[in-house]
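I opened this notebook to record what I looked up in one structure. The entries go from the whole chain to single residues.

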Amino acid sequence: MLESNTSNDKTIDFLNRVIRQVSRVVAVIMVLVIIWGVADIVYVLYQRLMAPPFMLLEIKDILATFGAFMAVLIAIEIYHNIILYVADHRDHRLAVEIVLGTALMAISRKVIVFDFKEMSPEYMYGSAAVIFALVIG
C-alpha cells in the first residue's frame with residue numbers, strides 16, 4: 001500500500017500522487033455504481049409489483065431482490081475499501097478485515113441466490129470451502 005510519508009525519490013512521490021488521484025476517481029465511479037444499483041432495485045421492484053398478480057412477489061422475485069440488495073451492499077463495502085486505501089492514516093489490520101468482510105458478504109449473496117434445483121454438489125462443496133477459508137482468515 002502507499003505510504004503517506006514522502007520518499008527521497010521524486011519519481012516515486014509523483015507516482016504515489018497519481019495513484020491517489022486514480023483512487024479518488026475510482027471512488028467517485030463506485031458511488032455512481034451504487035446510485036445506479038439502488039435505482040435499478042427500485043425500477044425492477046416496481047416492475048415486478050405492477051405485473052400480475054398485482055402487488056405480489058413470488059419467491060424467485062424476492063430472492064432476486066435480495067441478491068440486488070446484497071450487490072449494492074457489496075459495492076458500498078468496496079467503496080469503503082477504496083476510501084481506506086486513499087486515507088492518509090491507515091490501519092492495515094483493519095483493511096484486511098474489511099476486505100475479508102466484503103468477500104464474506106459477496107459469498108453470502110451467492111448463497112442467498114443459489115438455485116438448489118440446478119446446482120451440482122461440487123459447486124456447493126466448493127462454495128462451502130470458500131466460506132470456510134474466509135471464516136478462518
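**Entry 1: the loop between H1 and H2.** I note that the model is a predicted one. I began with Pro 53, which I located in the loop between H1 and H2. I checked the peptide bond that joins Pro 52 and Pro 53 and found it cis, with omega at about -10 degrees. I then turned to Met 55, which is also placed in the loop between H1 and H2. The phi of Met 55 is near 60 degrees, a positive value in a residue other than glycine. For context, I recall that most residues other than glycine have a negative phi and that most peptide bonds are trans.

**Entry 2: the chain as a whole.** Read from the N terminus, the order of elements is α-α-α-α. The radius of gyration of the chain is 20 Å, well over the 14 Å given by the globule rule for 137 residues, so the chain is more spread out than a compact globule. I also looked up the box filled by the C-alpha atoms, which is roughly 65 × 35 × 20 Å along the principal axes.

Entry 3: Among contacts with a separation of 6 or more, 68% are between residues 24 or more positions apart. I compared the mean positions of the 11 positive and 13 negative charges and found them 5 Å apart.

**Entry 4: helix H1.** I looked up helix H1, residues 10–50, which has 41 residues. From its first C-alpha to its last, H1 reaches 60 Å, close to the 60 Å expected at 1.5 Å a residue. I listed the buried residues of H1 as Asp 13, Asn 16, Arg 20, Ser 23, Ala 27, Met 30, Ile 34, Gly 37 and Ile 41. An α-helix has 3.6 residues a turn, so residues three or four places apart point the same way. I asked which element the buried residues of H1 pack against. They pack against H2.

**Entry 5: helix H2.** Helix H2, residues 59–86, has 28 residues and should span 40 Å at 1.5 Å a residue. I find its end C-alpha atoms 41 Å apart, which agrees. The buried residues of H2 include Asp 61, Thr 65, Gly 67, Met 70, Val 72 and Ile 74. Further along, Ala 75, Asn 81, Ile 82, Leu 84 and Val 86 are also among the buried residues of H2.

**Entry 6: Ala 95 in H3.** I located Ala 95 in helix H3, residues 92–112. Its relative accessible area is 11%, so Ala 95 is buried. I checked Ala 95 against Met 70 and found them 25 residues apart in sequence and 20 Å apart in space, C-alpha to C-alpha.

**Entry 7: Ser 127 in H4.** I located Ser 127 in helix H4, residues 121–136. Ser 127 counts as buried because its relative accessibility is 8%. I asked which residues Ser 127 is in contact with, leaving aside neighbours within four places in sequence. They are Ile 107 and Phe 114.

Definitions and conventions. Residues numbered from 1 in each chain as written. Predicted model: local features only at pLDDT ≥ 70, side-chain atom pairs only at ≥ 80, totals over all residues. Heavy atoms only, no water. Helix = DSSP H or I, 4+ residues; strand = E, 2+ residues; numbered from the N terminus. Expected span 1.5 Å × (residues − 1). Buried < 20%, exposed > 50% of the residue type's maximum accessible area, 1.4 Å probe, protein only. Rg over C-alpha atoms; globule rule 2.2 N^0.38 Å. Contact = heavy atoms within 4.5 Å. Lys, Arg positive; Asp, Glu negative; His and termini not counted. Charge placed at Lys NZ, Arg CZ, Asp CG, Glu CD.
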